[in-house]
2 protein chains.
Amino acid sequence: MVNNAAVLDRAFHALADPTRRSIVDRLSRGPASVKELAEPLPMSLAAVVQHVQALEGSGLVSSEKVGRVRTCRLEPSALAAVERWAADCRTTWQARLDRLGDHLAESAKTNPKKK
Amino acid sequence: MVNNAAVLDRAFHALADPTRRSIVDRLSRGPASVKELAEPLPMSLAAVVQHVQALEGSGLVSSEKVGRVRTCRLEPSALAAVERWAADCRTTWQARLDRLGDHLAESAKTNPKKK
DNA sequence: AGATTAGTAAAGCATTTACTTGACTGTCCT
DNA sequence: AGGACAGTCAAGTAAATGCTTTACTAATCT
């Protein structure tokens with residue numbers, strides 16, 4: 001949990017780009033070559049390579065080159081870190097609301113009708 | 001689910017910045033004025049205002065101004081959208097792995113020791 | 001009334017980003 | 001061997017980003 005902040009930083013930064021998010025989405029359905037990833041995208045192969053490099057640097061994706069084709073696969077742990085951060089924020093917020101509700105209910109019981 | 005993509009886009013973009021993420025983190029522990037949000041941050045108040053505006057535009061935060069102080073609070077639905085997207089990716093990936101495992105186990109049973 | 005406080009708006013600036021194109025390197029197919 | 005294929009590297013560019021400073025407004029305190 002020490003360098004977790006750096007992981008989160010890189011992951012969120014990588015996911016901020018819609019192209020990269022669509023690549024992650026595609027990879028969740030199975031590994032793919034860079035060429036395959038580029039297929040549906042309206043940009044040059046070189047641009048896609050750059051996105052893949054960004055994703056790899058963030059830990060969201062890993063890849064391996066065999067022959068002349070580089071196969072990319074999703075690395076779910078970085079994705080889990082993102083998920084966990086968002087969930088933590090939400091549940092902390094929720095817990096606070098619950099405490100607030102309890103407190104109000106309690107003071108209403110001992111001190112009813114006070115404005 | 002139609003304009004959900006736009007929501008996700010704005011939310012991830014907003015969360016890509018570490019300062020904004022720390023603001024969200026702070027707000028998960030309860031509402032705060034812009035001044036309070038700025039307190040621990042190494043930048044001018046004007047800069048923090050800009051971050052708050054970005055967060056508000058993304059739907060992650062809402063705010064209300066009473067008197068001269070603007071109070072910000074977390075808006076958990078946008079955060080939930082982020083959480084859900086990441087979870088969807090991960091579970092899709094996991095489901096694919098499971099199917100793969102089943103398939104391999106099955107073919108090993110009917111076709112053992114094949115190279 | 002006058003001074004401080006909280007926030008806003010606008011303009012400017014350095015850096016980063018998301019591309020492009022062009023040249024190049026290996027690998028695979030006939 | 002020769003050509004197409006998959007990817008890489010480098011340089012350049014236009015736009016976006018994260019600040020700053022200055023000047024301002026409106027609310028609150030003394």
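Predicted model: local features only at pLDDT ≥ 70, side-chain atom pairs only at ≥ 80, totals over all residues.

**Entry 1: DNA strand C**

I started with A:Arg20. A polar side-chain atom of A:Arg20 lies 3.1 Å from a phosphate oxygen of DNA strand C. I then looked at the bases. A:Arg68 places a polar side-chain atom 3.0 Å from a base oxygen of DNA strand C. From the other chain, an N or O atom in the side chain of B:Arg68 is 2.3 Å from a base oxygen of DNA strand C.

Next I listed the surroundings. DNA strand C has 22 residues around it. The closest are A:Ser44, A:His51, B:Lys35, B:Arg68 and B:Arg70. Of the atoms of DNA strand C that come within 4 Å of the protein, 71% are sugar and phosphate.

H4(A) gives the most, with 4 residues.

**Entry 2: DNA strand D**

I repeated the search for the other strand. DNA strand D has 23 residues around it. A:Lys35, A:Arg68, A:Arg70, B:Ser44 and B:His51 come nearest. Sugar or phosphate holds 69% of the atoms of DNA strand D within 4 Å of the protein, and bases hold the rest.

I went through the polar side chains. A:Arg68 has a polar side-chain atom 2.5 Å from a base oxygen of DNA strand D. The side chain of B:Arg20 has an N or O atom 3.1 Å from a phosphate oxygen of DNA strand D. For the side chain of B:Ser44, the distance from an N or O atom to a phosphate oxygen of DNA strand D is 2.8 Å.

I then sorted the surface by element. Helix H3 (34–38), H4 and S3 of chain A each give two or more residues to the surface near DNA strand D, as do helix H2 (18–28) and H4 of chain B. I counted the classes as 8 nonpolar, 8 polar and 7 charged.

**Entry 3: the sheet in chain A**

S3 had come up near the DNA, so I traced its strand partners. Chain A has an open sheet of 3 strands in the order S1-S3-S2, with antiparallel pairing. S1 and S2 of chain A are the edge strands, and each pairs on one side only.

How many bridges join S1 to S3 in chain A? I found 2, between strand S1 (residues 32–33) and strand S3 (residues 69–74). Strand S2 (residues 61–66) of chain A pairs with S3(A) over 6 bridges.

I checked A:Cys72 in S3(A) from both sides. A:Ala32 stands opposite A:Cys72. A:Ser63 has A:Cys72 as its bridge partner. I also looked at the turn. The hairpin of S2(A) and S3(A) has 2 residues between the strands, and A:Gly67 takes a positive phi near 65° there.

**Entry 4: chain A against chain B**

I turned to the protein interface. 30 residues of chain A are in contact with 30 residues of chain B. The buried area is about 2700 Å², and carbon and sulfur atoms give 69% of that area. A:Arg21, A:Glu83 and A:Trp93 supply 22% of the area that chain A buries against chain B, more than any other three residues.

I looked for charged pairs. There are 4 salt bridges between chain A and chain B. One of them that I noted pairs A:Arg90 with B:Glu83, with the closest N and O atoms 2.6 Å apart. I also counted 6 residue pairs in polar contact between the chains.

Which elements of chain A give two or more residues to the side that touches chain B? They are helix H1 (4–15), H2 and helix H5 (76–110). H5(A) has the largest share, with 13 residues.

Note on methods
Residues numbered from 1 in each chain as written. Chains lettered and ligands numbered in written order. Heavy atoms only, no water. Near = heavy atom within 4 Å. Polar contact = N/O pair within 3.5 Å; in protein donor to acceptor, adjacent residues only side chain to side chain. Contact = heavy atoms within 4.5 Å. Buried area = accessible area lost by both parts, 1.4 Å probe. Salt bridge = Lys/Arg side-chain N within 4 Å of Asp/Glu carboxyl O. Nonpolar A, V, L, I, M, F, W, Y, C, P; charged D, E, K, R; others polar.
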